[in-house]
Amino acid sequence: MLIALGFPADSGSMMKRLTYLALILALLTPLSSLGAAFDPLREMPTAIDPLAFSEQLAAIRFIDQTGDAVSTGDFRGKIVLLNFMYTTCKTVCPMQTQYMKAIHGEMPEEVKNDFVMLSISLLPEQETPAVLSDYTQKMNIDAGSWRFLTGSPSSVARAADMFGIKTQRSESDELEHTAMFFLLDGDGVIIQRYANQVAVIERMTEDVLALHQLSIVTSH
């Protein structure tokens, strides 16, 4: 099942949020190992509740591949698919990039207008905006709807910690890290996370489309 923590009693959007989450629970299929349910209090200890997590995340500033300063708060109203990676990774990152390219290719034009993908570099000291820009060109990526983010080491470390991303150096000095995808709604609240498996492409695509439809329903 999808898990959401309680919202503050004085939240003006509480009823809308409860209706929104009820629709998500009703329309999204039960989770399997391809999209594991998570407990933010266990997996992401910095989160107090979904809205607090969203605000804390939005306070972190990044720099995208064009050199613009951005945060997740800049994408309010859009569905966000997010992951952590680095461009010189030879293991899980190339797969994740290909999966996200496949998902983007499946999106109808009307959904692309309300959908953005964010990839946060785990090597911010090395991966400058210029490096990330070269990567998007090399990978033939639509930079308009897919932002590759770098920033200060402390900002990236803070974001990785909030999402429960762990890193370590291998014996060959390669950076190993948790490989997951995260789906955020238009308020920046985490709706789902997914394992790094080719089978999740269809599941993530379906969830983005369902979330987009729900956003249309709840906006009326």
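Six aromatic pairs are counted in this structure, where rings of Phe, Tyr and Trp (its six-membered ring) pair if their centres lie within 6.5 Å. This is a predicted model, in which local features need pLDDT of at least 70 and side-chain atom pairs count only at pLDDT 80 or more, while totals for chains, interfaces and linings use all residues. Residues are numbered from 1 along each chain as its sequence is written, and side-chain values use heavy atoms, with hydrogens and water left out.

**Aromatic pairs**

- Trp146 and Phe148 form a stacked pair, with 5.1 Å centre to centre and 25° between the planes; stacked denotes planes under 30 degrees apart, edge-to-face over 60, and tilted the rest.
- Trp146 and Phe148 are each buried, that is, under 20% relative accessible area with a 1.4 Å probe and protein chains only.
- Phe163 and Phe182 form a tilted pair, at 4.7 Å centre to centre and 55° between the planes.
- Because Phe163 lies in the loop between helix H7 (153-162) and strand E6 (167-169) and Phe182 in strand E8 (residues 180-184), this pair ties together parts that are 19 residues apart in sequence.
- Phe163 and Phe182 are both buried.
- One aromatic cluster is formed by Phe53, Phe84, Phe163 and Phe182.

**Cavities**

- There are two cavities of 30 Å³ or more, a cavity being a set of points on a 1 Å grid where a 1.4 Å probe fits but cannot get out.
- The second largest cavity has a volume of about 40 Å³.
- Residues lining the second largest cavity include Thr72, Phe75, Arg76, Leu184 and Asp185; lining residues have an atom within 4 Å of a point.

Terms used. On a 1 Å grid over the protein atoms alone, a cavity is a set of points where a 1.4 Å probe fits but cannot get out, and a pocket is an open set with protein on both sides within 12 Å along at least five of seven lines; lining residues have an atom within 4 Å of a point. Grid points are joined across faces, edges and corners, and a volume is the space filled by probe spheres set on the points. Buried means under 20% relative accessible area, exposed over 50%, partly exposed in between (1.4 Å probe, protein chains only). Helices (H or I, at least four residues) and strands (E, at least two) are DSSP runs, numbered from the N terminus.
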